[in-house]
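Please consult the sequence and the three-dimensional structure shown here. The briefing that follows is arranged by topic.

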Amino acid sequence: MTPRKSSSTPRPAPADRSNGSIRRKPGRPARISRELIIEKSLAILATTPVEDFMIKTVAHELGTASMAIYNYFGSRDEILVAVADEVCLMFKAPKPRSDWRESLRAWLVALRKHADRYPFMPSIVGVNSHTSVGWLKITTPVMVLMHDHLGLRGKSLALASSLFVTTAVTMIHTLQFSVSYRKPEVFPKLEDIGLNEQESEVFKHVPLMKLKEKEMFDALFEQLIRGVDIFL
């Protein structure tokens with residue numbers, strides 16, 4: 001039997017999968033989607049300050065051009081709003097407790113844990129004066145609790161719930177970063193502040209640098225919960 005002749009047309013070389021994906025041809029843009037843009041933005045914001053977040057960075061990380069991002073989002077702020085929604089919607093509200101104070105405390109603890117995981121969250125929930133839809137998921141349990149268990153209605157309910165959640169997210173964000181500027185090496189010298197003798201003496205006996213994070217959060221949560229009493 002006569003052996004078959006091999007084809008003169010060479011077979012294409014197998015795709016290079018050494019890095020876990022097929023390499024794109026030079027100049028070919030990456031296939032992207034709204035979901036991929038949000039996912040990459042989340043990863044960037046985990047290591048980049050919000051003020052340094054840029055569309056070109058997202059495009060570079062996705063291996064595409066900035067104009068491709070504009071097919072899905074009209075601006076940088078639109079991306080941040082979408083990221084804020086995504087982060088807030090991942091919040092898991094704790095189950096209500098028998099005592100309303102313990103329910104509020106559990107919510108505060110859950111919010112702090114969520115903010116620890118996404119420290120940039122407080123900086124983007126109100127981007128461009130836009131309230132994140134996802135933020136409503138976080139705040140609604142507080143409003144419902146105050147309505148059902150405390151009997152608050154109308155303006156009292158609006159004031160109590162708004163002040164509680166706004167102060168909570170702002171102060172949690174502030175305390176998260178307060179550790180870095182309470183270190184001895186960054187603390188100012190008393191003589192550089194311009195305090196008088198009495199002020200300096202008081203200042204010397206206030207152990208600001210010895211405050212522990214847990215102590216500060218415990219005190220904050222207690223203060224926030226007690227503040228609700230003025231509406232009852």
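**Briefing on the predicted chain**

Leucine 208 is located in the loop that runs between helix H10 (197–204) and helix H11 (213–227); helices (H or I, at least four residues) and strands (E, at least two) are DSSP runs, numbered from the N terminus. This is a predicted model, in which local features need pLDDT of at least 70, side-chain atom pairs count only at pLDDT 80 or more, and totals for chains, interfaces and linings use all residues. Residues are numbered from 1 along each chain as its sequence is written, and side-chain values use heavy atoms, with hydrogens and water left out.

**Leucine 208 and its surface patch**

- Leucine 208 is partly exposed, its relative accessible area being 30%; buried means under 20% relative accessible area, exposed over 50%, and partly exposed in between (1.4 Å probe, protein chains only).
- Val202, Val206, Leu208 and Leu211 make a nonpolar surface patch of about 290 Å².
- Patches are made of residues with over 30% relative accessible area and no salt bridge, like charges being joined within 9 Å and nonpolar side chains (Val, Leu, Ile, Met, Phe, Trp, Tyr) within 5 Å.

**Confidence**

- The average pLDDT of the chain is 84, and 80% of the residues score at least 70; pLDDT is the predictor's confidence in each residue, from 0 to 100.
- Over residues 1–25 pLDDT stays under 50, and for this stretch the model has nine contacts beyond four places in sequence; contact means heavy atoms within 4.5 Å.

**Overall architecture**

- The chain contains eleven helices and zero strands.
- Of its 232 residues, 33% count as buried.
- Among contacts in the chain with a separation of 6 or more, 70% come from residues 24 or more positions apart.

**Core and buried residues**

- The largest nonpolar core has 59 residues, of which Trp107, Met121 and Phe164 touch the most other members.
- A nonpolar core is a set of buried Ala, Val, Leu, Ile, Met, Phe, Trp, Tyr and Cys residues joined through side-chain atoms within 4.5 Å.
- Methionine 121 is in contact with Val87, Cys88, Leu111, His114, Ala115, Ile138 and Val169, neighbours within four places in sequence being left aside.
- Serine 41 is placed in helix H1 (residues 34–45) and counts as buried because its relative accessibility is 0%.
- Not counting residues up to four places away in sequence, serine 41 touches Phe53, Val58, Ile79 and Val83.
- Alanine 110 has its place in helix H5 and counts as buried, with 15% relative accessibility.
- Phe91, Lys92 and Pro94 are touched by alanine 110, not counting residues up to four places away in sequence.
- Alanine 110 and lysine 92 are 18 residues apart along the chain, and their C-alpha atoms are separated by 7.4 Å.

**Salt bridges**

- A search of the whole structure finds seven salt bridges, a salt bridge being a side-chain nitrogen of Lys or Arg within 4 Å of a carboxyl oxygen of Asp or Glu.
- Glutamate 222 and arginine 105 meet through their side chains in a salt bridge (2.8 Å, N to O).
- This pair links distant parts of the chain, with glutamate 222 in helix H11 and arginine 105 in helix H5 (residues 100–117), 117 residues apart.
- Both partners count as partly exposed: glutamate 222 at 30% relative accessibility and arginine 105 at 24%.
- Glutamate 213 and arginine 112 form a salt bridge in which the closest N and O atoms are 3.3 Å apart.
- Distant parts of the chain are linked by this pair as well, glutamate 213 lying in helix H11 and arginine 112 in helix H5, 101 residues apart.
- Glutamate 213 counts as partly exposed at 33% relative accessibility.
- A salt bridge also joins lysine 214 to aspartate 218, with the closest N and O atoms 2.7 Å apart.
- Lysine 214 and aspartate 218 are separated by about one helical turn because they are four residues apart in helix H11.
- Lysine 214 counts as exposed at 57% relative accessibility, whereas aspartate 218 counts as partly exposed at 35%.

Key:
Areas by Shrake-Rupley, 256 points an atom, 1.4 Å probe, with all protein chains shown as cover.
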